[in-house]
Amino acid sequence: MIPTTLLASPGQLAATSQEVDSSTGVPNFLPGNQTTPYSLADLVLNLVFIVAGAIALFGMLYGAVKYLTAGTGPGGDEGKRMITGAVVSLIIVALAYVLVSTLINRYLGGA
């Protein structure tokens, strides 16, 4: 279920003082929390990295199925390459997450 504050237009968000943080002027998109540049960046980047990790995981599973069903045919090599590529992708996603989280914490004042 989508919170109603996410469905409102920017003009509607700015219309009441409850929906806008008085200290920063930033609309409160996250119900129950004060929205800050840090919290918005953290939310968006977490979603991006979750999707990237899920894609890499499904690539690994697809490569494993391809490898297991290939027998002695050429599909086995393709399956191995897919698994290797997915593992490398997961490592890159994990390292990127650490790097971006560090930068967000340092420059946007995260906790």
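Tyr 38, Ser 39, Ala 41, Phe 49, Gly 53, Ala 56 and Gly 63 are the buried residues of helix 3, where buried means under 20% relative accessible area, exposed over 50%, and partly exposed in between (1.4 Å probe, protein chains only). The cover over these buried residues includes helix 4 (75-107). This is a predicted model, in which local features need pLDDT of at least 70 and side-chain atom pairs count only at pLDDT 80 or more, while totals for chains, interfaces and linings use all residues. Residues are numbered from 1 along each chain as its sequence is written, and side-chain values use heavy atoms, with hydrogens and water left out.

**Overall make-up**

- The protein chain has four helices and zero strands; helices (H or I, at least four residues) and strands (E, at least two) are DSSP runs, numbered from the N terminus.
- Read from the N terminus, the order of elements is α-α-α-α.
- The protein chain has 111 residues, of which 20% count as buried.
- Of the contacts between residues at least 6 apart in sequence, 39% join residues at least 24 apart; contact means heavy atoms within 4.5 Å.
- The accessible surface of the protein chain is about 7,800 Å², and 69% of that surface belongs to carbon and sulfur atoms. Accessible areas come from the Shrake-Rupley method with a 1.4 Å probe, and for residues only the protein chains shown count as cover.

**Confidence**

- Mean pLDDT for the protein chain is 76, with 66% of its residues at 70 or more; pLDDT is the predictor's confidence in each residue, from 0 to 100.
- Helix 4 has the highest mean pLDDT among the elements (87), and helix 2 (residues 10-15) has the lowest (49).
- Over residues 13-18 pLDDT stays under 50, and the model has eight contacts beyond four places in sequence for this stretch.

**Helix 3**

- Helix 3 covers residues 37-70, and its 34 residues should span 50 Å at 1.5 Å a residue; the end C-alpha atoms are 49 Å apart, which agrees. The expected span of a helix is 1.5 Å times one less than its number of residues.
- Gly 71 follows helix 3 and has a positive phi, near 65°.
- Val 48 is placed in helix 3, and its relative accessibility of 45% is why it counts as partly exposed.
- Val 48 and Tyr 97 lie 49 residues apart along the chain, with 9.6 Å between their C-alpha atoms.

**Helix 4**

- The 33 residues of helix 4 reach 47 Å from first C-alpha to last, close to the 48 Å expected at 1.5 Å a residue.
- Buried in helix 4 are Gly 75, Gly 76, Gly 79, Ala 86, Val 93, Ser 101 and Ile 104.
- The buried residues of helix 4 pack against helix 3.

- Val 93, in helix 4, is buried because its relative accessible area is 18%.
- Leaving out residues up to four places away in sequence, Val 93 touches Phe 49, Ala 52 and Gly 53.
- From Gly 75 to Gly 63 the C-alpha distance is 9.4 Å, and the two are twelve residues apart in sequence.

**Salt bridge**

- The structure holds one salt bridge, defined as a side-chain nitrogen of Lys or Arg within 4 Å of a carboxyl oxygen of Asp or Glu.
- The side chains of Lys 66 and Glu 78 form a salt bridge, at 4.0 Å from N to O. This pair links distant parts of the chain, with Lys 66 in helix 3 and Glu 78 in helix 4, twelve residues apart.
- Lys 66 counts as partly exposed because its relative accessibility is 22%.
- Glu 78 counts as partly exposed because its relative accessibility is 35%.

**Nonpolar surface**

- Leu 99, Leu 103, Tyr 107 and Leu 108 make a nonpolar surface patch of about 430 Å². Patches are made of residues with over 30% relative accessible area and no salt bridge, with like charges joined within 9 Å and nonpolar side chains (Val, Leu, Ile, Met, Phe, Trp, Tyr) within 5 Å.
- Leu 103 is in helix 4, and it counts as partly exposed because its relative accessibility is 41%.
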